[in-house]
Amino acid sequence: MKINCIIVDDEVLALDILEDYISRMPMLELKGKFDSPLKAMDCIVHEEVKLMFLDINMPDINGIKFYESLANKPKVIFTTAYSEYAVKGFEINAIDYLLKPISFSRFFQAVGKVINIPNALPAAPVQSSYQESQNDESSRFIFVKVEHFTKKVSLKDIAYLQGYKDYVKIYLIGEDKPILTLNSIKHYEMSLFSKGFIRIHKSYIVSVNQIEIISRNKVKLIDKDLHITIGGNYRDFFYELVVNKNI
């Protein structure tokens, strides 16, 4: 499952920039953008918002005071052009404090802190189980339904996954014939995230350990002739996470 988030900012440009940044992060689901905290209230209550990008200096109500007034507080990342608010922001346990103009790299780092905080994640069994038991045996394999039986597959044996309409082909290291399962690539994108896999194309998820060469926005895997293009929507996220190692 994705992390539901919203943006609250009275500047149109800031709303558009953050919306664009969020669209590049596959684990985030934007539930709304609002130019006033008061307009965001209904969404916060009914959409189970887990994360809020909140401007501080707004005309109707100060962002910090608005956040303090909420009964059920989502995680918050403050966004503002005024550095003097930083200390107050952290005093109320903000995840991060982004000073405008905000670069994608800085935004990415802030969201990375949310990913590593279990309580910031929605109640997704796969994700929470991983956070609580990274060293458990259960985090090292998945069960895959294949026709009339279910197969246990070790994550270390998976080279990459390819989405094909309503099916996913799981290619194992050293084997040419994939495992074919009725499921979506989106399902595996979320269940394998933080387990050494990353989606690099609308149809492909790869094991980071199996990447041998990155060249001209394409990835070549070890012992595979296939060169997978890194899709434009996944490019920034891929380079920040895998190449720059910002998480």
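Reader: In which helix does Val 111 lie?

Author: This is a predicted model in which local features need pLDDT of at least 70, side-chain atom pairs count only at pLDDT 80 or more, and totals for chains, interfaces and linings use all residues. Residues are numbered from 1 along each chain as its sequence is written, and side-chain values use heavy atoms, leaving out hydrogens and water. Helices are DSSP runs (H or I, at least four residues) and strands likewise (E, at least two), numbered from the N terminus. The run covering residues 104-115, where Val 111 lies, is helix H5.

Reader: Why does Val 111 count as buried?

Author: Buried means under 20% relative accessible area, exposed over 50%, and partly exposed in between (1.4 Å probe, protein chains only). Val 111 counts as buried because its relative accessibility is 1%.

Reader: Which residues does Val 111 touch, not counting those up to four places away in sequence?

Author: A contact means heavy atoms within 4.5 Å. On that basis, Val 111 touches Met 25, Met 27, Leu 28, Phe 53 and Ile 77.

Reader: What separates the C-alpha atoms of Val 111 and Ile 77?

Author: Along the chain, Val 111 and Ile 77 are 34 residues apart. In the model, their C-alpha atoms are separated by 8.4 Å.

Reader: Over which residues does pLDDT stay under 50?

Author: pLDDT is the predictor's confidence in each residue, from 0 to 100. The chain has a mean pLDDT of 83, with 85% of its residues at 70 or more. Where pLDDT is low, the predicted coordinates should not be read in detail. The stretch under 50 is residues 117-135.
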